[in-house]
Amino acid sequence: MFTGRFLSPLSALPTWLITALCLFIAIVVGWFDYITGDYSVILFYLIPIYVAAQLLGSRTSKVISVFSSAELLYVNAAQHSTDVSLFTLHTWNAVMEAAVIILAGHLLHKLKEDSALLETLAKTDHLTGALNRRSFQELAAYELDNSRRYGRTFTTAYLDVDDFKSINDRFGHEVGDMILKIVADAIRGTIRRSDVFARFGGDEFVIMFPETGAESLHVLDKVSSLIESEFDKHPWSATFSIGAITFATPPGSVDEMIKLTDHQMYSAKHGGKNRVHHALFSPEGHGQ
């Protein structure tokens with residue numbers, strides 16, 4: 001929350017400008033440290049380090065930490081260069097404080113990385129890297145509102161591996177996991193960045209194509225071809241069924257959207273499996 005509220009305006013700036021800003025803040029802190037004499041301002045040295053840790057890469061944030069530490073050593077040496085005993089004492093203290101600054105910079109950047117990792121883990125499926133069900137519903141609700149507000153057509157697709165339980169029983173869960181990863185990689189490598197893609201259950205995947213009509217079927221054909229070509233490289237075989245529905249008029253909710261798309265997938269199953277079943281959404285008659 002703190003980072004998002006206070007640093008989000010800076011995150012839009014170019015990296016070089018953020019770096020220059022951090023260095024400028026560090027110089028101002030060093031100057032302030034020099035004019036205040038023996039009053040400690042070590043806490044202020046952490047400001048540019050914190051900004052760098054949150055917005056810049058690991059290497060740059062470490063450079064800012066080292067720069068601030070060197071500046072602290074220089075300020076202390078300049079303040080107490082006339083008295084040998086005081087110079088030795090303050091140099092020792094400055095070295096200790098510099099070590100704290102470098103360590104703090106490392107820990108702040110590590111905290112940023114860990115927070116980003118936890119956020120990713122909370123939103124994605126650990127096996128395939130696709131979004132999880134909850135994250136998909138949140139993003140789909142946003143896209144559904146956009147479709148309703150601007151009258152935009154969109155398409156959703158529901159993909160299910162045929163007889164997945166039998167495959168697991170026959171070849172083992174390692175093969176089952178490999179199949180899921182192949183499917184997820186094929187979808188991820190084909191869809192647009194603006195499309196929403198999630199693993200919904202054991203062998204079920206859902207894709208939402210915002211602002212896309214029946215042309216999304218070409219994308220699904222590419223996904224199918226890519227999956228089949230990857231499956232052909234292995235001694236086991238697997239097929240999959242896809243249900244797709246195009247919404248010119250958005251349904252009432254994300255749950256309804258998923259239910260209607262799931263129904264199309266089961267139509268593909270009942271039609272013989274290993275195929276795509278597509279329909280247009282009609283508020284009166286649902287999928288046509």
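Predicted model: local features only at pLDDT ≥ 70, side-chain atom pairs only at ≥ 80, totals over all residues.
## Basis of the model

Residues are numbered from 1 along each chain as its sequence is written, and side-chain values use heavy atoms, with hydrogens and water left out.

Helix α6 has 18 residues, and the distance from its first C-alpha to its last is 25 Å, close to the 26 Å expected at 1.5 Å a residue (the expected span is 1.5 Å times one less than the number of residues). Its buried residues are Ser135, Phe136, Ala140, Glu143, Leu144, Asn146 and Ser147, where buried means under 20% relative accessible area, exposed over 50% and partly exposed in between, with a 1.4 Å probe and protein chains only. Because these residues cover an arc of only 165° around the axis, they lie on the same side of α6; the arc is taken over the directions from the helix axis to the C-beta atoms. An α-helix has 3.6 residues a turn, so residues three or four places apart point the same way. On the other side of α6, Arg134, Tyr142 and Arg149 are exposed, and just after the helix Gly151 takes a positive phi of about 65°.

Helix α10 (residues 254–270) has 17 residues, which at 1.5 Å a residue should span 24 Å, and its end C-alpha atoms are 24 Å apart, in agreement with that value. The buried residues of α10 are Val254, Met257, Ile258, Leu260, Thr261, Gln264, Met265, Ala268 and Lys269. Just after α10, Gly272 adopts a positive phi of about 125°.

## Aromatic pairs

The structure holds 8 aromatic pairs, a pair being two rings of Phe, Tyr or Trp (its six-membered ring) with centres within 6.5 Å, classed as stacked if the planes are under 30 degrees apart, edge-to-face if over 60 and tilted otherwise. One of these pairs joins Phe136 and Phe200, whose ring centres are 5.3 Å apart and whose planes stand at 90°, so the arrangement is edge-to-face. The pair links distant parts of the chain, since Phe136 belongs to helix α6 (residues 133–150) and Phe200 to the loop between β2 (196–199) and β3 (204–209), 64 residues apart. Phe136 counts as buried because its relative accessibility is 0%, and Phe200 counts as buried at 8%. Together with Tyr158, Phe136 and Phe200 form one aromatic cluster.

In the pair of Phe247 and Phe281, the ring centres are 5.0 Å apart and the planes meet at 45°, so this pair is tilted. Here, too, distant parts of the chain are linked: Phe247 is in strand β4 (residues 240–247) and Phe281 is in strand β5 (residues 276–282), 34 residues apart. Phe281 counts as buried at 9% relative accessibility, and Phe247 is buried as well. The C-alpha atoms of Phe281 and Pro250 are separated by 8.3 Å, although these residues are 31 places apart along the chain.

Strand β4 is mostly covered, with 8 of its 8 residues buried. The cover extends to both faces, with Phe240, Ile242, Ala244 and Thr246 buried on one side and Ser241, Gly243, Ile245 and Phe247 buried on the other.

Strand β1 (residues 154–161) pairs with β4 in the antiparallel sense over 8 bridges, where pairing requires that DSSP finds at least two bridges between the strands. Within this arrangement, Thr155 stands opposite Thr246 in β4.

## Nonpolar cores

A nonpolar core is a set of buried Ala, Val, Leu, Ile, Met, Phe, Trp, Tyr and Cys residues joined through side-chain atoms within 4.5 Å. The largest such core has 28 residues, of which Ile179, Val183 and Phe231 touch the most other members. At least two residues of this core come from each of β1, α7 (164–171), α8, β3, α9 (216–231) and β4, and α8 gives the most, with 8 residues. A second, separate core of 19 residues includes Val196, Met208, Phe247 and Met265.

Ile179 is placed in helix α8 (residues 173–188) and counts as buried because its relative accessibility is 0%. Leaving aside neighbours within four places in sequence, Ile179 is in contact with Val161, Phe164, Ile167, Phe231, Trp236 and Ala238, contact meaning heavy atoms within 4.5 Å. From Ile179 to Trp236 the C-alpha distance is 10.0 Å, while the two residues are 57 apart in sequence.

Key: Helix = DSSP H or I, 4+ residues; strand = E, 2+ residues; numbered from the N terminus.
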